[in-house]
Amino acid sequence: QVQLVESGGGLVPAGGSLRVSCAQSGPTFNTYNLGWFRRAPGKEREFVANIKWLGDISYSDYADSVKGRFAIFRDVDKNMVHLQMNSLRPEDTAVYYCAGQRSYCSGQRCYDPALYDDWGQGTQVTVSS
């Protein structure tokens, strides 16, 4: 069974940076998609970024709201995926979740949380104004 564990959340002032990480354990897949989602108080869970790989080739994608500020990357040796968040804004405040999809996704299938198979417990990110 795949296990995903997030770490690295915390409190940061607006304009600051933070990195959240997702450690993956259990079975590994030649094809996998790992996404970051977030849920702010009173709001729906929303897609933030994802990185999908097929063998040695990987692709990443971002929500418009974080493009140019966030970067997702993978540490293959440590079986981890990181989300580097820069120029943080108060509206980035949320619980951040990593989630895994055990197949190659395309288009909207990468953004739909209902299509993800594995979920972490979440980590709180708070950006103060």
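Mentor: Start with the link of cysteine 105 and cysteine 110, which is right-handed, with 105 degrees about the S-S bond. A disulfide here is a pair of cysteine sulfur atoms within 2.5 Å. This is a predicted model, in which local features need pLDDT of at least 70 and side-chain atom pairs count only at pLDDT 80 or more, while totals for chains, interfaces and linings use all residues. Residues are numbered from 1 along each chain as its sequence is written, and side-chain values use heavy atoms, with hydrogens and water left out.

Trainee: How far apart are the sulfur atoms of cysteine 105 and cysteine 110?
Mentor: They are 2.0 Å apart.

Trainee: And are cysteine 105 and cysteine 110 buried or exposed?
Mentor: Cysteine 105 and cysteine 110 are both buried. Buried means under 20% relative accessible area, exposed over 50%, and partly exposed in between, with a 1.4 Å probe and protein chains only.

Trainee: How many disulfides does the structure hold?
Mentor: It holds 2. The other entry to look at is cysteine 22 with cysteine 98, S to S 2.1 Å. Cysteine 22 sits in strand E3 (residues 18–25) and cysteine 98 in strand E9 (residues 94–101), so this pair ties together parts that are 76 residues apart in sequence. Strands (E, at least two residues) and helices (H or I, at least four) are DSSP runs, numbered from the N terminus.

Trainee: Why is the disulfide of cysteine 22 and cysteine 98 called right-handed?
Mentor: Because the torsion about its S-S bond is about 60 degrees. Both cysteine 22 and cysteine 98 are buried.

Trainee: What pattern do the disulfides follow?
Mentor: Counting bonded cysteines along the chain, the pattern is 1-2, 3-4.

Trainee: Switching to the fold. How many helices and strands does the chain have?
Mentor: There are 0 helices and 11 strands. The radius of gyration is 14 Å, close to the 14 Å from the globule rule for 129 residues, so the chain is as compact as a globular protein of that length. That radius is taken over C-alpha atoms, and the rule is 2.2 Å times the number of residues to the power 0.38. The C-alpha atoms fill a box of roughly 40 × 30 × 25 Å along the principal axes.

Trainee: What share of the chain is buried?
Mentor: Buried residues make up 45% of the 129.

Trainee: And the contacts?
Mentor: Of those between residues at least 6 apart in sequence, 58% join residues at least 24 apart. Contact means heavy atoms within 4.5 Å.

Trainee: Back to strand E3. What does glutamine 24 touch?
Mentor: Glutamine 24 lies in that strand and is buried, with a relative accessible area of 9%. Leaving aside neighbours within four places in sequence, glutamine 24 is in contact with Val2, Gln3, Leu4, Tyr32, Trp53 and Asn79.

Trainee: Where does arginine 69 lie?
Mentor: In the loop between strand E6 (57–62) and strand E7 (70–75). Arginine 69 is buried, at a relative accessible area of 8%.
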